[in-house]
Amino acid sequence: INLVEVEGCGALRQLVAAAATANPRTSSAYRPYLITGTDTALGQQVGLLTRVDPAEDLWRSDARVQYPLPGSACNYDPDRSGRNTRSSPSRSSGSSKHYFARIRVGRKNITVAGVHFKALPTDPVSCAQREAQAAVIAAELRRGRALG
């Protein structure tokens with residue numbers, strides 16, 4: 001289970017405890033995992049509750065992608081964004097709220113991602129940033145798949 005806008009590991013542990021009180025037969029088997037993100041504005045995290053322990057520690061990607069992406073559907077024009085492009089000439093975005101986990105299911109390793117993309121998907125600037133964030137996540141998932 002992917003949870004977004006989490007304060008930290010303590011909140012995940014409290015949720016597991018509350019769920020176990022309500023339904024001990026199933027909920028007590030869940031374990032919380034979280035890797036601290038880089039969201040400095042709100043301090044929000046993304047967490048994982050699972051009954052199958054990850055095969056290795058959760059990890060993040062600090063990669064960034066230039067936007068707008070080729071073929072973007074966001075209608076974003078960087079020259080008309082209304083933002084001071086001199087103070088931020090590189091127009092790139094990464095994902096501050098995400099994790100990757102490798103979970104072994106039978107004889108296969110599966111890479112899963114928990115993600116919380118930027119808000120306001122209909123705003124052209126936010127949309128273009130979300131596309132860049134998705135490109136970062138997709139690249140890391142492809143890397144995970146290649147590892148087997």
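This is a predicted model: local features need pLDDT of at least 70, side-chain atom pairs count only at pLDDT 80 or more; totals for chains, interfaces and linings use all residues.
Q: How many aromatic pairs does a search of the whole structure find?

A: A pair of aromatic rings is described by two values, the distance of the centres and the angle of the planes. In this model the search finds 2 such pairs. One of them joins Trp 59 and Phe 100, with 5.7 Å from centre to centre and 25° between the planes. Planes under 30 degrees apart count as stacked, and the Trp 59–Phe 100 pair is therefore classed as stacked.

Q: Which parts does the pair of Trp 59 and Phe 100 tie together?

A: Trp 59 sits in the loop between strand E3 (45-50) and strand E4 (65-66), whereas Phe 100 belongs to strand E6 (residues 98-105), so the pair links parts 41 residues apart in sequence. Trp 59 and Phe 100 are both buried.

Q: What are the distance and the angle for Tyr 67 and Tyr 76?

A: The centres of Tyr 67 and Tyr 76 are 5.7 Å apart, and 45° between the planes makes this pair tilted. Tyr 67 and Tyr 76 are buried as well.

Q: Is Lys 97 buried or exposed?

A: Buried means under 20% relative accessible area. Lys 97 has 12% relative accessibility, so this residue counts as buried. Lys 97 is located in the loop between strand E5 (92-93) and E6.

Q: Which residues does Lys 97 touch?

A: Leaving aside residues up to four places away in sequence, Lys 97 touches Asp 39, Leu 42, Gln 44, Val 46, Arg 60, Gly 114, Val 115 and His 116. With Gln 44 there is also a side-chain polar contact of 2.6 Å.

Definitions and conventions:
Residues are numbered from 1 along each chain as its sequence is written. Side-chain values use heavy atoms; hydrogens and water are left out. Rings of Phe, Tyr and Trp (its six-membered ring) pair if their centres lie within 6.5 Å; planes under 30 degrees apart count as stacked, over 60 as edge-to-face and the rest as tilted. Helices (H or I, at least four residues) and strands (E, at least two) are DSSP runs, numbered from the N terminus. Buried means under 20% relative accessible area, exposed over 50%, partly exposed in between (1.4 Å probe, protein chains only). A polar contact is a pair of N or O atoms within 3.5 Å; within protein, one must be able to donate a hydrogen and the other to accept it, and residues adjacent in sequence count only if both atoms are side-chain atoms. Contact means heavy atoms within 4.5 Å.
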